[in-house]
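Hi there,

Here is the structure I promised to pass along.

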Amino acid sequence: MEYVRLGSTGLKVSRVCLGMMSYGTSRWRDWVLDPEDAEPVVRRAVEQGVTFFDTADMYSDGASEEVTGKLLRDLFAQRDDYVLATKVYNPMGDGPNDRGLSRKHILAGIDASLRRLGTDHVDLYQIHRWDYETPIEETMAALHDVVRAGKARYIGASSMWAWQFAKAQHVAATNGWTPFVAMQNHYNLAYREEEREMIPLCLDQGVGVIPWSPLARGMLAGGRGRSTTRAGSDEYARLLYAEAAAADDAVVDAVVTVAQRREVPPAQIALAWLMRQPAVTAPIVGATKLGQIDDAVAAANLTLSDEEATELEFPYRPHQISGHS
């Protein structure tokens, strides 16, 4: 496993980040693994050198953080051996202050996440989405205080417009507050709209990009039309990828063609393409099977030629912006 800096920070992370949304309780989503089924998959990732793990308070209504914390405590000798990320924004209760990015919710949210994770700090605390009801000055001040209190080492953001991210960074710089060091955005071979503004912005500002849905909910693993538990119940995937279906099929065909020539699974090709993109530190890979871990790790060691990259990119057609909500 290769270990690289997260953007321009000194923090080293594995080239693959394991997304922990897949682990928690199957009562939340039927494709989520319960703890006893999650353990072998997470163990395989750790055995192969993965040290970067991403979860969120709202995954499995908090159970993902609980499972994540326990598994990592069991699988690593000490806390500093891994990099732990979580997120705040989405509703965690029925009250009017149980959501969003107000000072009240952020300070309550980090404490609740730390209790569930069973640790005194996270390495990366991220805002899950942009809060249109809270001034960004309030949000950035609260996040700065979380870092100053030692409850987070760094802060990051997730899908939003580039102008919003730039505004947040400007507010932090103007006030001497902690800036975002990572952007967790929607980015893969089937959705490349981030290349217009967000990726160049992150490159210019030294922000590490850790894309979510790197395999387009399994589509880029050759799964277009495949019947799986998640495919049958993932309404969000249909929202993200219903549009431009014909163009997406052409992208999948290109991935499959290159994979066949290389004699590797399509998932390895799609992930290898993403890892060669400027600013990308580590894709966030979801895995419910041991082989998915193996593919992700193998992709980190697979180098595509410029000609192969061009072949993979050529079928792409512009999409409407998705993933910001």
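**Cysteines and the core**

Cys202 is buried, with a relative accessible area of 0%; buried stands for under 20%, exposed for over 50% and partly exposed for anything in between, using a 1.4 Å probe and protein chains only. Before going further, please keep in mind that this is a predicted model, in which local features need pLDDT of at least 70 and side-chain atom pairs count only at pLDDT 80 or more, while totals for chains, interfaces and linings use all residues. Residues are numbered from 1 along each chain as its sequence is written, and side-chain values use heavy atoms, with hydrogens and water left out.

Back to the cysteines. How many disulfides are there? The count is zero, where a disulfide is a pair of cysteine sulfur atoms within 2.5 Å.

Next, the nonpolar cores. By a nonpolar core I mean a set of buried Ala, Val, Leu, Ile, Met, Phe, Trp, Tyr and Cys residues joined through side-chain atoms within 4.5 Å. The largest one has 86 residues, and the members that touch the most others are Leu18, Tyr23, Phe53, Phe165 and Leu220. Helix α10 (residues 266-275) supplies the largest share of this core, eight residues; helices (H or I, at least four residues) and strands (E, at least two) are DSSP runs, numbered from the N terminus. Another core, of 14 residues, lies apart from it, with Phe52, Val83, Ala182 and Ile284 among them.

Which residues does Phe165 touch? Leaving out residues up to four places away in sequence, Phe165 touches Ala157, Met160, Phe180, Ala182, Met183, Met198, Leu201, Cys202 and Val207; contact here means heavy atoms within 4.5 Å.

**Salt bridges**

The structure holds 14 salt bridges, each being a side-chain nitrogen of Lys or Arg within 4 Å of a carboxyl oxygen of Asp or Glu. One of them joins the side chains of Glu65 and Arg116 at 2.7 Å, N to O. This pair links distant parts of the chain, 51 residues apart, with Glu65 in helix α2 (residues 63-75) and Arg116 in helix α3 (residues 103-117). Glu65 is buried, its relative accessible area being 0%.

Two further pairs are worth a look. Glu195 and Arg192 meet through their side chains at 3.0 Å, N to O; Glu195 is partly exposed at 28% relative accessible area, whereas Arg192 counts as buried at 14%. In the bridge between Glu193 and Arg196, the closest N and O atoms are 2.6 Å apart. Glu193 is buried at 7% relative accessible area, while Arg196 counts as exposed at 54%.

**Loops and a buried threonine**

Are they buried or exposed? Ser60 is buried, with a relative accessible area of 3%, but Asp61 is exposed, with 59%.

His121 is in the loop between α3 and β6 (122-127) and counts as buried at 4% relative accessibility. Neighbours within four places in sequence aside, His121 is in contact with Arg79, Leu114, Gly150, Lys151 and Arg153.

Thr139 belongs to helix α4 (residues 136-148) and counts as buried at 1% relative accessibility. With residues up to four places away in sequence not counted, Thr139 touches Leu101, Ile106, Ile127 and Thr134.

Best wishes
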